[in-house]
Amino acid sequence: MTVSEYAIRFSKLSRQSPTLVPTVRERVRRFIKGLSYGLRFSMTRELETDTPFQRVIKIAMRLERIRGEERQDKETKRSRDSGGFSGFYSSTMTHHGGGSGSRPIQSALQTTRGAPVN
């Protein structure tokens with residue numbers, strides 16, 4: 001659920017149970033407690049200050065948007081970096097020592113020990 005959806009639902013529920021959120025500070029605390037861990041962690045300062053409830057919602061929405069943009073940036077970079085490259089040729093080159101990947105591992109080990117290769 002998005003922060004916007006959560007804020008609407010939270011507001012409706014808090015109107016039905018005003019004893020659970022008797023003060024603005026308690027309302028802010030409970031709202032932040034219901035956010036995802038990452039957002040909750042980012043909003044610890046708002047728990048310590050007397051930030052108005054509507055401001056807390058706006059901050060949470062802005063953080064959610066920023067995190068979504070960061071996620072999109074990572075996905076874009078990941079897809080751009082992969083570029084359809086399978087990595088098969090690269091792993092063969094690295095694993096078997098510079099392109100001599102057609103020799104069996106045993107013969108490669110003999111070469112490194114100084115024994116002749118058949």
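The largest pocket of this predicted model is lined by Tyr6, Phe10, Leu13, Ser14, Ser17, Leu20, Val21, Arg30, Lys33 and Gly34. A pocket here is an open set of points on a 1 Å grid over the protein atoms alone, at which a 1.4 Å probe fits, with protein on both sides within 12 Å along at least five of seven lines; lining residues have an atom within 4 Å of a point. The space in the largest pocket comes to about 180 Å³, where grid points are joined across faces, edges and corners and the volume is the space filled by probe spheres set on the points. Rolling a probe the size of a water molecule over the atoms shows where empty space is left.

Two helices, α1 (3-16) and α2 (24-33), each supply at least two residues of this lining. Helix α1 gives the most, with 4 residues. By class, the lining holds 5 nonpolar, 3 polar and 2 charged residues. In this scheme Ala, Val, Leu, Ile, Met, Phe, Trp, Tyr, Cys and Pro count as nonpolar, Asp, Glu, Lys and Arg as charged, and the others, Gly among them, as polar.

The model is predicted, so local features need pLDDT of at least 70 and side-chain atom pairs count only at pLDDT 80 or more, while totals for chains, interfaces and linings use all residues. Residues are numbered from 1 along each chain as its sequence is written, and side-chain values use heavy atoms, with hydrogens and water left out.

**Fold and core**

The protein chain has 7 helices and 0 strands. Helices (H or I, at least four residues) and strands (E, at least two) are DSSP runs, numbered from the N terminus. Buried residues make up 21% of the 118 residues in the chain; buried means under 20% relative accessible area, exposed over 50%, and partly exposed in between (1.4 Å probe, protein chains only). Among contacts (heavy atoms within 4.5 Å) between residues at least 6 apart in sequence, 45% join residues at least 24 apart.

The largest nonpolar core has 17 residues, of which Phe31, Ile32, Leu35 and Met43 touch the most other members. Such a core is a set of buried Ala, Val, Leu, Ile, Met, Phe, Trp, Tyr and Cys residues joined through side-chain atoms within 4.5 Å. Helices α1, α2 and α5 (53-82) are the elements that give two or more residues to this core. Helix α5 gives the most, with 6 residues. Leaving aside neighbours within four places in sequence, Met43 is in contact with Ile32, Leu35, Val56, Ile59, Ala60 and Leu63.

**Buried polar and charged residues**

Ser11 belongs to helix α1 and is buried, with a relative accessible area of 11%. Not counting residues up to four places away in sequence, Ser11 touches Arg27 and Phe53.

Glu46 lies in helix α4 and is likewise buried, at a relative accessible area of 5%. With neighbours within four places in sequence set aside, Glu46 is in contact with Val28, Ile32, Thr51, Val56 and Ile59.

**Salt bridges**

The structure holds 5 salt bridges, each defined as a side-chain nitrogen of Lys or Arg within 4 Å of a carboxyl oxygen of Asp or Glu. Three of them are listed below with their N to O distances.

| Residue pair | N to O distance |
|---|---|
| Asp50 and Arg25 | 2.7 Å |
| Glu26 and Arg30 | 3.1 Å |
| Arg45 and Glu46 | 3.5 Å |

Asp50 lies in the loop between α4 (44-48) and α5, and Arg25 in helix α2, so the pair ties together parts that are 25 residues apart in sequence. Asp50 is exposed, at 64% relative accessible area, whereas Arg25 is partly exposed at 44%.

Glu26 and Arg30 are 4 residues apart in helix α2 and are therefore separated by about one helical turn. Glu26 counts as buried at 19% relative accessibility, and Arg30 counts as partly exposed at 33%. Glu26, Arg29 and Arg30 are linked in a network of salt bridges.

In the remaining tabulated pair, Arg45 counts as exposed at 59% relative accessibility, while Glu46 counts as buried at 5%.
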